[in-house]
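Subject: Structure for your files

Hello,

Here is the structure you were going to look at. My notes follow below it.

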Amino acid sequence: MPRYPADYTPEELGKLFRQAWTENVIRHHPDSPPQAYIIPWAKTVQWERDTAISTAHTIIDLIHRSNHNTHKLTPQEQSQLLTATWNANVHNHHPDPGPHHTTPWTELPTWRKTGNTTIFNTLQTWATSEEP
């Protein structure tokens with residue numbers, strides 16, 4: 001049976017997102033990434049935790065509502081969707097985000113675009129796999 005967000009705690013979904021983000025920063029960042037990009041979940045600021053939870057929940061919900069047809073999206077579409085969802089949730093959870101927190105997809109560096117596609121696919125794989 002596929003995994004649904006309602007079957008998991010918000011923190012589990014947020015950790016899934018944060019782990020995918022951290023792994024992709026380490027894999028794709030062209031230089032040594034800033035510490036803030038790779039800090040563990042427990043040390044992540046609350047608005048960023050809430051944003052990760054909301055973004056993971058929204059993407060996973062969309063995957064299920066589309067009958068898992070999100071695999072038909074191009075990598076660029078997957079990255080754009082994750083970016084737009086993240087940006088909307090930042091505005092919901094941060095009272096005054098800086099522009100670097102809500103960078104439009106067209107202005108993201110290539111490593112971030114690639115990483116966002118990978119994060120999307122991590123969430124998709126998780127949502128469509130059988131529970132352990």
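**His64 and helix 3**

His64 sits in helix 3, which covers residues 46-65. This is a predicted model, and what follows should be read as such. With a relative accessibility of 10%, His64 falls in the buried class, because that class takes in everything under 20%. Beyond its sequence neighbours up to four places away, His64 touches Pro2, Arg3, Tyr4, Pro5 and Ala127.

**Confidence**

The mean pLDDT of the protein is 93, and 98% of the residues reach 70 or more. Among the elements, helix 4 has the highest mean value, 98, while helix 2 (residues 35-38) has the lowest, 92.

**Overall fold**

The protein has 5 helices and 0 strands, and along the sequence the pattern reads α-α-α-α-α. Its radius of gyration is 14 Å, close to the 14 Å that the globule rule gives for 132 residues, so the protein is as compact as a globular protein of that length. Along the principal axes, the C-alpha atoms fill a box of roughly 40 × 30 × 25 Å.

Of the 132 residues, 44% are buried. Among contacts with a separation of 6 or more, 73% are between residues 24 or more positions apart. The exposed surface comes to about 7300 Å², with carbon and sulfur atoms supplying 55% of it. As for charge, there are 10 positive and 13 negative charges, and their mean positions lie 3 Å apart.

**Val90 and Thr102**

Val90 belongs to helix 4 and is buried, with a relative accessible area of 0%. Leaving out neighbours within four places in sequence, Val90 is in contact with Trp47, Thr51, Pro97, His101 and Thr102. Ala52 is 38 residues from Val90 along the chain, and the C-alpha atoms of the two are separated by 8.9 Å.

Thr102, one of those contacts of Val90, is found in the loop between helix 4 (75-93) and helix 5 (110-128). Is Thr102 buried or exposed? At 15% relative accessibility, Thr102 counts as buried. Apart from residues up to four places away in sequence, Thr102 touches Asn87, Val90, His91 and Pro97.

**The loop between helix 3 and helix 4**

His68 lies in the loop between helix 3 and helix 4 and has a positive phi of about 65°, although it is not a glycine. For background, most residues other than glycine have a negative phi. His68 is partly exposed, at 26% relative accessible area.

Thr74 is also found in the loop between helix 3 and helix 4. With a relative accessible area of 38%, Thr74 is partly exposed. How far apart in space are Thr74 and Asn87, C-alpha to C-alpha? The distance is 20 Å, for a pair 13 residues apart in sequence.

Regards

Methods
Residues numbered from 1 in each chain as written. Predicted model: local features only at pLDDT ≥ 70, side-chain atom pairs only at ≥ 80, totals over all residues. Heavy atoms only, no water. Helix = DSSP H or I, 4+ residues; strand = E, 2+ residues; numbered from the N terminus. Rg over C-alpha atoms; globule rule 2.2 N^0.38 Å. Buried < 20%, exposed > 50% of the residue type's maximum accessible area, 1.4 Å probe, protein only. Contact = heavy atoms within 4.5 Å. Areas by Shrake-Rupley, 256 points an atom, 1.4 Å probe, with all protein chains shown as cover. Lys, Arg positive; Asp, Glu negative; His and termini not counted. Charge placed at Lys NZ, Arg CZ, Asp CG, Glu CD. pLDDT = per-residue confidence, 0-100.
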